[in-house]
Amino acid sequence: MTTTPDLIIRQEEPADYEAVFNVIESAFKQMEHSDHQEQWLVQRLRQSPGFIPALSLVAVSGQQIIGHILLTPIKIKNEQEAFTSLALAPVSVIPEYQHKGIGGRLIEAAHQKAREAGFRSVVLLGHAAYYPRFGYKKASEFGIKLPFDVPDEYCMAIELTKDGLNGVNGMVEYPAAFFA
């Protein structure tokens, strides 16, 4: 695996929105397990009340945006309590730059920004073989369920801080913007 030597990861800016739309669309175009609507999801999430600009990052090589990641606040609720966490949805890298470590760099940068913002965990629905390398475990190991009918190994969570999910359990509640 080689990485792009001039890669810069920075906060997304409004002027980047069109390029990011195209990055996401191209990243998911050939994905078998995709509804090919991820670019529209990001647009809705940016317009939602919970959007945190500091948690929307782009990967730039030269003058070209080649990747994007977005973390969005969610709740994990049980009968007694509600806990704040983040959803990773989606991470995107244009096809010609995939398999070069850029998605991983975006994930690590987003985790760092989330820690700095005081968040303790991230939940995602994604590839069972990819995300564990970054420390993600089955969400069920923490007592967390996602409101989707998908195999358990695709529902994952990570503690961004020591014991970040200690005592946290319940059903993930996504903001309305996740559902068109």
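Arginine 10 is partly exposed, with 27% of relative accessible area. In this predicted model, the side chain of arginine 10 pairs with that of glutamate 13 in a salt bridge, at 4.0 Å from N to O. Glutamate 13 is likewise partly exposed, at 42% relative accessible area. The pairing belongs to a network of salt bridges that links Arg10, Glu13 and Asp16.

Side chains of opposite charge can pair when their charged atoms come close.

## Other salt bridges

The structure holds 5 salt bridges. One of them joins lysine 77 to glutamate 173, with the closest N and O atoms 3.1 Å apart. Because lysine 77 lies in strand β3 and glutamate 173 in strand β9 (residues 170–173), the pair ties together parts that are 96 residues apart in sequence. Lysine 77 is partly exposed at 34% relative accessibility, and glutamate 173 is partly exposed at 40%.

A further salt bridge is formed by lysine 162 and aspartate 163, whose closest N and O atoms are 3.7 Å apart. Lysine 162 is exposed, with a relative accessible area of 72%, whereas aspartate 163 counts as partly exposed at 37%.

## Helix α3

Helix α3 comprises 15 residues. From its first C-alpha to its last, α3 reaches 21 Å, close to the 21 Å expected at 1.5 Å a residue. After α3 comes glycine 118, which has a positive phi near 95°.

The buried residues of α3 are Ile102, Gly103, Gly104, Leu106, Ile107, Ala110, His111 and Ala114. An α-helix has 3.6 residues a turn, so residues three or four places apart point the same way. The cover over the buried residues of α3 includes the strands β1 (8–11), β2 (56–61), β3 (64–77), β4, β5 and β8 (155–159).

## The largest pocket

The largest pocket holds about 1500 Å³ of space. Its lining consists of 48 residues, and those closest to the centre of the pocket are Phe28, Leu125, Gly126, His127 and Tyr131. Two or more lining residues come from each of α1 (17–28), α2 (38–46), β4 (82–93), α3 (102–116) and β5 (121–125). Strand β4 gives the most to this lining, with 7 residues.

By residue type, the lining of the largest pocket divides into 28 nonpolar, 13 polar and 7 charged residues.

Notes: Residues numbered from 1 in each chain as written. Predicted model: local features only at pLDDT ≥ 70, side-chain atom pairs only at ≥ 80, totals over all residues. Heavy atoms only, no water. 1 Å grid on protein atoms, 1.4 Å probe; cavity = no way out; pocket = protein on both sides within 12 Å on 5 of 7 lines; lining within 4 Å. Points joined across faces, edges and corners; volume = space filled by probe spheres on them. Helix = DSSP H or I, 4+ residues; strand = E, 2+ residues; numbered from the N terminus. Nonpolar A, V, L, I, M, F, W, Y, C, P; charged D, E, K, R; others polar. Expected span 1.5 Å × (residues − 1). Buried < 20%, exposed > 50% of the residue type's maximum accessible area, 1.4 Å probe, protein only. Contact = heavy atoms within 4.5 Å.
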